[in-house]
Amino acid sequence: MWLKPEEVLLKNALKLWLMERSNDYFVLQRRRGYGEEGGGGLTGLLVGTLDSVLDSTAKVAPFRILHQTPDSQVYLSIACGANREEITKHWDWLEQNIMKTLSVFDSNEDITNFVQGKIRGLIAEEGKHCFAKEDDPEKFREALLKFEKCFGLPEKEKLVTYYSCSYWKGRVPCQGWLYLSTNFLSFYSFLLGSEIKLIISWDEVSKLEKTSNVILTESIHVCSQGENHYFSMFLHINQTYLLMEQLANYAIRRLFDKETFDNDPVLYNPLQITKRDLENRAHSEQFNAFFRLPKGESLKEEHECFLWVPFSHFNTHGKMCISENYICFASQDGNQYSVIIPLREVLAIDKTNDSSKSVIISIKGKTAFRFHEVEDFEQLVAKLRLRCGAASAQYHDISTEVINYTAIKSFWKKRCTHAHVCLLRHYSQ
């Protein structure tokens with residue numbers, strides 16, 4: 001596998017890597033302990049443990065190729081391989097396609113720039129389709145290599161994301177890596193010769209929860225086929241748990257709700273599922289549940305702003321949330337005000353010319369909502385005008401009931417001081 005060129009100080013790596021081949025511009029190395037009788041003894045055992053704890057690519061790719069220039073102490077890692085055959089193919093490609101060209105350059109800097117450009121081009125071509133949506137394609141490529149080599153799952157199994165964590169075997173924590181794929185939860189650890197490999201199918205998970213006890217302050221409990229598994233020491237445990245919960249739910253829905261999956265291109269093809277997609281879906285589901293919107297709505301964008309509440313005569317701080325057919329607002333300062341505006345009810349969207357960055361939304365029933373301090377409010381107004389035009393054309397034949405703003409003022413002043421006020425809601429026939 002070609003790697004993004006990164007600097008390596010060879011003098012610090014000699015104890016861990018052994019030289020196999022070399023020429024004027026490249027070095028092929030083998031990880032100490034790999035391919036040696038007895039696993040390289042104590043040194044090989046310690047190197048293997050170090051690779052596992054640090055999540056080193058060398059654990060599953062014990063061969064690598066470095067680029068060097070004469071009289072330089074700094075080398076660049078450009079390729080790695082899981083076996084001798086794989087790394088030899090990379091070495092032969094370099095000799096056949098790169099070596100002859102490098103001799104025409106006058107300076108070492110030009111040689112290095114040329115090699116880096118070639119390797120980056122190869123990586124871009126390989127990952128053009130597979131890793132375009134990943135936040136860090138380079139790290140994801142390495143994690144995918146480890147995942148495939150460690151667990152030997154079917155080639156079509158899609159790795160979604162991975163986390164460093166501890167797996168509790170009895171009262172002993174084992175540091176390793178948790179891999180979340182479309183169909184499996186997998187864990188791998190290697191410490192001082194002791195290897196732990198765990199594969200759990202999502203459709204076999206009977207319980208998934210966050211828990212804590214005297215030993216574990218916070219962990220994720222997974223129960224599968226009557227066995228309990230505990231994972232802890234996550235950097236972002238809430239995010240990890242949410243993704244695990246989504247993948248487990250999708251696995252069950254795939255079995256019992258085939259119609260939904262057939263109509264959803266992403267869920268129907270698990271190879272399209274990414275961590276970002278899952279996070280966006282979770283955000284949209286929370287958005288729909290909070291505002292009680294139709295199931296098909298998805299959150300498109302959010303804007304922090306203030307809403308002017310006329311019957312209380314103050315601005316309440318919160319977020320404006322926009323979906324395909326609704327503009328919603330929820331306060332975040334303890335006042336618990338919320339607004340739900342169907343786009344088909346909107347008559348006009350205007351902006352002010354002063355420094356307040358205000359957006360004014362006028363709806364049927366002679367009611368207007370004023371949002372202050374909206375970032376990029378000019379672009380927002382332009383987008384909303386386009387959406388409202390489409391929504392009006394799409395829903396022109398649907399009757400609605402509008403709650404009068406003055407009536408809300410009179411009612412809630414009598415009821416309570418701080419209430420969850422829905423200023424506008426529609427009812428479809």
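Is Asp350 buried, partly exposed or exposed, and what is its relative accessible area? Select it in this predicted model. Asp350 is partly exposed, with a relative accessible area of 36%.

Asp350 sits in strand S17 (residues 346-351) and Arg385 in helix H11 (residues 377-394), so the bridge ties together parts 35 residues apart in sequence. Arg385 is partly exposed too, at 44% relative accessibility.

Next, select Glu302 and Lys319. They form a salt bridge whose closest N and O atoms are 3.9 Å apart. Glu302 belongs to strand S13 and Lys319 to strand S14; the pair links distant parts of the chain, 17 residues apart. Glu302 has a relative accessible area of 32%, which means partly exposed. Lys319 is partly exposed at 25%.

Move to Glu324 and Lys300. Their side chains make a salt bridge of 3.6 Å, N to O. Glu324 is in the loop between strand S14 (314-322) and strand S15 (326-331), while Lys300 is in the loop between helix H10 (275-291) and strand S13 (301-309), so this pair joins parts 24 residues apart in sequence. Glu324 is partly exposed at 29% relative accessibility. Lys300 is partly exposed at 45%.

Then pick Glu20, Arg30 and Arg84. Salt bridges link these three in a network. The salt bridge count for the model is seven.

Last stop: select Ile252, Leu255 and Phe256. They make a nonpolar surface patch of about 340 Å². Phe256 lies in helix H7 (residues 237-256). Its relative accessibility is 70%, so Phe256 counts as exposed.

Conventions
Residues are numbered from 1 along each chain as its sequence is written. This is a predicted model: local features need pLDDT of at least 70, side-chain atom pairs count only at pLDDT 80 or more; totals for chains, interfaces and linings use all residues. Side-chain values use heavy atoms; hydrogens and water are left out. Patches are made of residues with over 30% relative accessible area and no salt bridge: like charges are joined within 9 Å, nonpolar side chains (Val, Leu, Ile, Met, Phe, Trp, Tyr) within 5 Å. Accessible areas come from the Shrake-Rupley method with a 1.4 Å probe; for residues, only the protein chains shown count as cover. A salt bridge is a side-chain nitrogen of Lys or Arg within 4 Å of a carboxyl oxygen of Asp or Glu. Helices (H or I, at least four residues) and strands (E, at least two) are DSSP runs, numbered from the N terminus. Buried means under 20% relative accessible area, exposed over 50%, partly exposed in between (1.4 Å probe, protein chains only).
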